[in-house]
There are 2 protein chains.
Amino acid sequence: MRISSRCEYGLRAMVYLAGRSGADPVSLSTIASDEGIPMAFLERIMARLRDAGLVVATRGVSGGYRLSRATAEISVADVVAALEGPLSLVGCLPDDHGCDRSDGCASRQVWRRLDEAISDALTGITLSDLTMEAVTR
Amino acid sequence: MRISSRCEYGLRAMVYLAGRSGADPVSLSTIASDEGIPMAFLERIMARLRDAGLVVATRGVSGGYRLSRATAEISVADVVAALEGPLSLVGCLPDDHGCDRSDGCASRQVWRRLDEAISDALTGITLSDLTMEAVTR
DNA sequence: TCGAATCCCAACTCGATTGGTCGGGATTAT
DNA sequence: ATAATCCCGACCAATCGAGTTGGGATTCGA
């Protein structure tokens, strides 16, 4: 179970933007070179973040990306959900399709718990937390 | 981020064995048919669990698998680690290779926190918890 | 009006992983 | 012996991850 590069890069880019929040939009090439991320790949990542409504792009000469909301209003969970897809660990949680196995439910509780643990951990951190030089532990 | 079938099947098999703990070994074919898992695939899974020291196999006519330890001594984290590999979210946590990026550390704290949350959630549940008909929440 | 900077997008590659299957061994109780 | 069982390496198809390529469409400034 490993975080994808997509997700790692995406969060880095968002933290980067959070550090420049309020200023002019930042171009793809700037983010990519400052963060050491392959530009064409970052482009795909930003497209997802845009589609999720987390960043706003402006095109043309001095265009670029900026955050769509205040840094305190964007959680890491938002970013991860936008990049990793639905983010539910096992298929049968929402639809609850029967659970015909006797111990299937027992195992499933594990995945549900884990789901909650992950969710709790990620929704509790916002980009503004990350721009301050230390996550309080 | 999704749990693999391998892992799902593996935990189901372990819970199954936990429910019969202390009795005769259970054959692959029995587990597979009772749990609805493709037998040849389950065989590969059991091999990993055996290599991890979580189950013991005996061959020959009335052979099969049994747990190597008491159900309370096997955590879900043990099972998942045996089946999912190293289970660390991002490569640079143990070796800490520089962190030359300015905000790399900020993002990394997120992954470390998440790592802890997952680890805590999984080490806290043992097979004996799962054989009782309800995980206390 | 032209061109450069910028975002937008679909298609492609390439290797690893997932989810299996297949075919034969080696062991052991009866 | 023989049947039941685990053991194991090889194989396979589909998907996913991590990018790349090549071209658009927009917008600002000169």
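A residue is near a molecule or strand if one of its heavy atoms lies within 4 Å of it. This is a predicted model, where local features need pLDDT of at least 70, side-chain atom pairs count only at pLDDT 80 or more, and totals for chains, interfaces and linings use all residues. To find your way, note that residues are numbered from 1 along each chain as its sequence is written, chains are lettered from A and ligands numbered from 1 in the order in which they are written, and side-chain values use heavy atoms, with hydrogens and water left out.

**Stop 1: DNA strand C.** Select DNA strand C and look at its atoms within 4 Å of the protein: 68% belong to sugar or phosphate and the rest to bases. Around DNA strand C sit 25 residues, and the closest are A:Leu28, A:Glu43, A:Val61, A:Gly64 and A:Tyr65. Zoom in on A:Glu43: one of its polar side-chain atoms lies 2.9 Å from a base nitrogen of DNA strand C. That is a polar contact (a pair of N or O atoms within 3.5 Å; within protein, one must be able to donate a hydrogen and the other to accept it, and residues adjacent in sequence count only if both atoms are side-chain atoms). Now hop to chain B, where a polar backbone atom of B:Ser5 is 3.2 Å from a phosphate oxygen of DNA strand C.

**Stop 2: DNA strand D.** Which residues come nearest to DNA strand D? Of the 25 around it, they are A:Ser5, A:Arg44, B:Leu28, B:Glu43 and B:Tyr65. Select B:Arg44 to see a side-chain N or O atom 3.3 Å from a base nitrogen of DNA strand D.

**Stop 3: A:Ser75.** Back on chain A, find A:Ser75 in the loop between strand E2 (64-67) and helix H4 (76-84). Helices (H or I, at least four residues) and strands (E, at least two) are DSSP runs, numbered from the N terminus. Is A:Ser75 buried or exposed? A:Ser75 counts as buried because its relative accessibility is 10%, and buried means under 20% relative accessible area, exposed over 50%, partly exposed in between (1.4 Å probe, protein chains only).

**Last stop: the cysteines.** Pick A:Cys7, buried at a relative accessible area of 0%, then B:Cys7, also buried at 0% relative accessibility.
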